[in-house]
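These notebook entries record what I looked up in the structure shown below. I worked from loops to sheets, and then to helices and rings.

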Amino acid sequence: MKTIEVKVPARYEYLGMLRAAVMRVGALYTEGGPSREHLNRWALAIHEAASNVVRHGYQGGSDDLMQLMIEPHTDEVRFTLLDYGRPNTTQPTATPPMSESGYGLNLIHAVMDQVNYEPGRPHALRMTDRFAEWHVAEHAEK
Amino acid sequence: MTISNLPKGNVTVVRIAGELNSVSGPQLKQRLNDLFAGGARHVAIDLSSVAFIDSMGLGALVAGLKNAKQHDGMLVLVGLREQARAIFELTMAYRIFDLFDTMSEAESFLEGR
C-alpha cells in the first residue's frame with residue numbers, strides 16, 4: 001500500500017482534516033484491516049499530537065505547514081508527524097484523577113505501541129501501532 | 001460549536017453541537033462556570049450532537065464536574081457518541097462521570113437530589 005501524505009497549516013481548525021485522513025485508512029484494506037475502534041483511537045492520537053504542535057510548537061497557531069505521513073502495512077500502521085515549530089521534548093507523566101489537563105501525550109502513548117520523537121528540521125514524531133496483535137489477542141480470548 | 005442551556009426543574013440541560021476541542025473546551029468551561037455561579041445546581045450535558053472530544057474538551061468537562069461538586073451539585077453526561085467514547089475509555093474518565101444514554105434517564109437520576 002502507498003504512503004499517504006497530508007499537509008495542513010498548523011492551526012486548530014485544520015486538525016479535522018488529519019483525523020479524516022486517518023479514518024479513511026480502513027478503506028485501504030480488503031481484509032484483516034483495522035477495526036473501527038482502532039481508527040477512532042488513531043484519529044484521537046494524531047489529533048492530540050497535531051494539537052500539541054499547534055499549542056506548544058506554534059504558541060496557538062501558524063500558517064506554517066505540518067505534514068502527516070501514513071504508512072499502512074499488513075499488520076501495523078506507521079504515522080509520522082513533521083513540523084518546523086518549537087521542539088517539544090515533554091515526556092508523558094501520570095495524570096491524576098480529576099485532572100483538567102495533561103492527557104494529550106498519555107493518550108498518544110496509550111494508543112500507539114511505539115512513539116519516538118526526533119527533534120530536527122523538521123521535528124518528527126513517529127508512531128506505530130501493530131493492530132494485528134489486537135486481532136490475535138481478541139481471538140485468543142474467545 | 002454551539003452551546004445552549006435550558007432549566008428543567010432542578011436540572012439545567014446544556015446542549016452542545018459540533019466538536020469539544022481546544023477551541024470550544026475553554027468556552028464550555030466558562031459557560032459552566034457562569035451557570036454554577038448563577039445558581040445552577042445539577043447540570044446534564046447532552047453530547048449526542050458532539051462528534052469528537054479531545055483532551056482539552058475532556059478537561060472542560062472535568063472542570064465542570066469539579067465546579068458542580070464545589071456547589072454541592074452534580075454534572076452528568078448524556079448520549080456519548082462512538083468517536084467521543086474513545087477518550088473516555090483511554091483516560092478511564094468514565095469512572096469519574098455518571099454517563100446516561102438518554103436525557104430522561106439523566107433527569108430521573110438527578111430529580112430529588
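**Entry 1: a glycine in a loop.** I began with A:G26, which I found in the loop between α1 and α2 of chain A. I noted at the outset that this is a predicted model. A:G26 has a relative accessible area of 23%, and is therefore partly exposed. I then looked up its contacts: leaving aside residues up to four places away in sequence, A:G26 touches A:P34 and A:L39. I also checked A:R36, ten residues from A:G26 along the chain, and found the two C-alpha atoms separated by 7.9 Å.

**Entry 2: the sheet of chain A.** In what order do the five strands of the open sheet in chain A lie? I read the order as β1-β2-β3-β5-β4, with antiparallel pairing. The edges are taken by β1 (4-9) and β4 (114-118) of chain A; each has a single partner strand, so one side of each is left without a neighbour in the sheet. From one strand to the next, I recorded an average twist of 15 degrees.

I looked at one pairing in detail. Strand β2 (residues 65-72) and strand β3 (residues 77-83) of chain A run antiparallel and are joined by six bridges. Within this part of the sheet, A:I70 has A:F79 in β3(A) as its bridge partner.

**Entry 3: helices on that sheet.** I next asked which strands of chain A α1(A) lies across. They are β1, β2 and β3 of chain A, and the helix runs at about 10 degrees to β2(A). α2(A) also packs on the sheet, where it touches β2, β3 and β5 (123-129) of chain A. The direction of α2(A) makes about 15 degrees with that of β3(A).

Entry 4: I found A:Y29 and A:F131 buried.

A:F131 also pairs with A:W42; their ring centres are 5.8 Å apart with the planes at 65 degrees, so this pair is edge-to-face too. Here again distant parts of the chain are linked, with A:W42 in helix α2 of chain A and A:F131 in helix α4 of chain A, 89 residues apart. A:W42 is buried, as is A:F131. I noted one aromatic cluster formed by A:Y29, A:W42, A:F79 and A:F131. The A:F79 of this cluster is the bridge partner of A:I70 that I had noted in β3(A).

**Entry 5: charges over rings.** I looked for charged groups placed over aromatic rings. A:R19 lies over the face of B:F52, 3.6 Å from the ring centre. In chain B, the charged end of B:R113 sits over the ring of B:F109, at 4.0 Å from its centre.

**Entry 6: a helix pair between the chains.** At what angle do the axes of α2(A) and helix α3 (residues 82-91) of chain B cross? They cross at roughly 75 degrees and come within 9 Å. The two helices are therefore roughly perpendicular to each other. On the α2(A) side I listed A:R36, A:E37, A:N40, A:R41, A:A43, A:L44 and A:E48, which meet B:E82, B:Q83, B:A86, B:I87, B:E89 and B:L90 in α3(B).

**Entry 7: strands of chain B.** Strand β3 (residues 42-53) of chain B is mostly covered, as nine of its twelve residues are buried. Strand β2 (residues 11-20) of chain B pairs with β3(B) in the parallel sense over nine bridges. I noted B:H42 in β3(B) as the bridge partner of B:V11.

**Entry 8: backbone details.** The peptide bond from A:R121 to A:P122 is cis, with omega near 5 degrees, and A:P122 is found in the loop between β4 and β5 of chain A.

B:D72 is not a glycine, yet has a positive phi of about 60 degrees. I located B:D72 in the loop between α2 (55-70) and β4 (74-78) of chain B. Its relative accessible area is 55%, so B:D72 is exposed. B:M92, likewise a residue other than glycine, has a positive phi near 60 degrees. B:M92 lies in the loop between α3 and β5 (98-100) of chain B and, with a relative accessible area of 40%, is partly exposed.

Methods. Residues numbered from 1 in each chain as written. Chains lettered and ligands numbered in written order. Predicted model: local features only at pLDDT ≥ 70, side-chain atom pairs only at ≥ 80, totals over all residues. Heavy atoms only, no water. Buried < 20%, exposed > 50% of the residue type's maximum accessible area, 1.4 Å probe, protein only. Phe/Tyr/Trp six-rings, centres within 6.5 Å; stacked < 30°, edge-to-face > 60°. Helix = DSSP H or I, 4+ residues; strand = E, 2+ residues; numbered from the N terminus. Lys NZ or Arg CZ within 6 Å of the ring centre and 35° of its normal. Pairing = 2+ DSSP bridges. Axes fitted to C-alpha atoms, helices over the stretch in contact; angles between N-to-C directions. Contact = heavy atoms within 4.5 Å. Parallel < 35°, antiparallel > 145°, perpendicular 65-115°, else oblique.
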